[in-house]
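Work through the exercises below with the model open beside you. Try each task before reading its solution.

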Amino acid sequence: MLEKPTIFALSILITTVMSIKRISDKQLLEKLTTDVIQNLNNGHLDVRYLSSIVSLTPSQLNRRLKKISGLSVAQFVTLIRLTKAKRLLAKIHDGSVRSITEVSSLCGFSDPAHFSHVFRKVEGMSPSQYMRHTNSSSFEIHEFIQKINQNYNENQHNA
């Protein structure tokens, strides 16, 4: 049987190890962003899948991401998908992408009509209107990360 001081020391050690395993907010965002980008054409990127990657429960991931960025997991994934879609739409002019349907597929949308609906709702214009008003250097992933960092800083300031 363990003596009380040994049990106490063991509990402190376990608590310390558990706190070391917890990844920082910045690491969480970087890991999520990287995994979403790498699996973008996977139409099944959801909170269960992403929570398993970062070793959190789905509700823990949703709470942490909402606190950090102001976005739910679904909103976060959609924002990354639309960020890539905007880059690809700008490249239709140079021939590297052939159509809006191809862009929607490359960004993980299984239905081009749903892609157009979501794009219009978030961007305030259709994908074809966006193509007419932009060029290939108009929006990059680093701008997306800057947006998330700005939301994080605002949420930390308001907390």
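**Ground rules**

This is a predicted model, in which local features need pLDDT of at least 70, side-chain atom pairs count only at pLDDT 80 or more, and totals for chains, interfaces and linings use all residues. Residues are numbered from 1 along each chain as its sequence is written, and side-chain values use heavy atoms, with hydrogens and water left out.

**Exercise 1. Confidence**

Task: Find where in the protein confidence is lowest and where it is highest.

Solution: 
- Start with the scale: pLDDT is the predictor's confidence in each residue, from 0 to 100.
- The protein has an average pLDDT of 78, and 71% of the residues score at least 70.
- Helix H1 (residues 4-21) is lowest, at a mean of 46. Helix H7 (residues 112-123) is highest, at 94.
- Contact means heavy atoms within 4.5 Å.
- Residues 9-14 are also below 50, with one contact in the model beyond near neighbours in sequence.

**Exercise 2. Overall fold**

Task: State how many helices and strands the protein has, and what share of its residues is buried.

Solution: 
- Apply the assignment: helices (H or I, at least four residues) and strands (E, at least two) are DSSP runs, numbered from the N terminus.
- The count is nine helices and zero strands. Along the sequence, the pattern reads α-α-α-α-α-α-α-α-α.
- Buried residues are 33% of the 159 residues. Buried means under 20% relative accessible area, exposed over 50%, and partly exposed in between (1.4 Å probe, protein chains only).
- Take contacts between residues at least 6 apart in sequence: 60% of them join residues at least 24 apart.

**Exercise 3. Helix packing**

Task: Describe how H5 packs with H7, H2 with H4, and H4 with H5.

Solution: 
- Two packed helices are described by the angle between their axes and the distance between the axes. Axes are lines fitted to C-alpha atoms, for helices over the stretch in contact, and angles run from 0 to 180 degrees between N-to-C directions.
- Angles under 35 degrees count as roughly parallel, over 145 as roughly antiparallel, 65 to 115 as roughly perpendicular and the rest as oblique.
- Take helix H5 (residues 73-91) and H7. Their axes come within 11 Å and cross at roughly 95°, so the two helices are roughly perpendicular to each other.
- On the H5 side are Thr-78, Leu-82, Ala-85, Lys-86 and Leu-89; they meet Phe-115, Val-118, Phe-119, Val-122 and Glu-123 of H7. The residues of this contact are seven nonpolar, one polar and two charged. Here Ala, Val, Leu, Ile, Met, Phe, Trp, Tyr, Cys and Pro count as nonpolar, Asp, Glu, Lys and Arg as charged, and the others, Gly among them, as polar.
- Next, helix H2 (residues 25-38) and helix H4 (residues 58-69). The axes come within 11 Å and cross at roughly 105°, so H2 and H4 are roughly perpendicular to each other.
- H2 contributes Asp-25, Leu-28, Leu-29 and Leu-32, and H4 contributes Leu-61, Arg-64, Leu-65 and Ile-68. Six of these residues are nonpolar, none polar and two charged.
- Last, H4 and H5. Their axes are 9 Å apart, at an angle of about 60°.
- Leu-61, Asn-62, Leu-65 and Lys-66 of H4 meet Val-73, Gln-75 and Phe-76 of H5. That gives four nonpolar, two polar and one charged.
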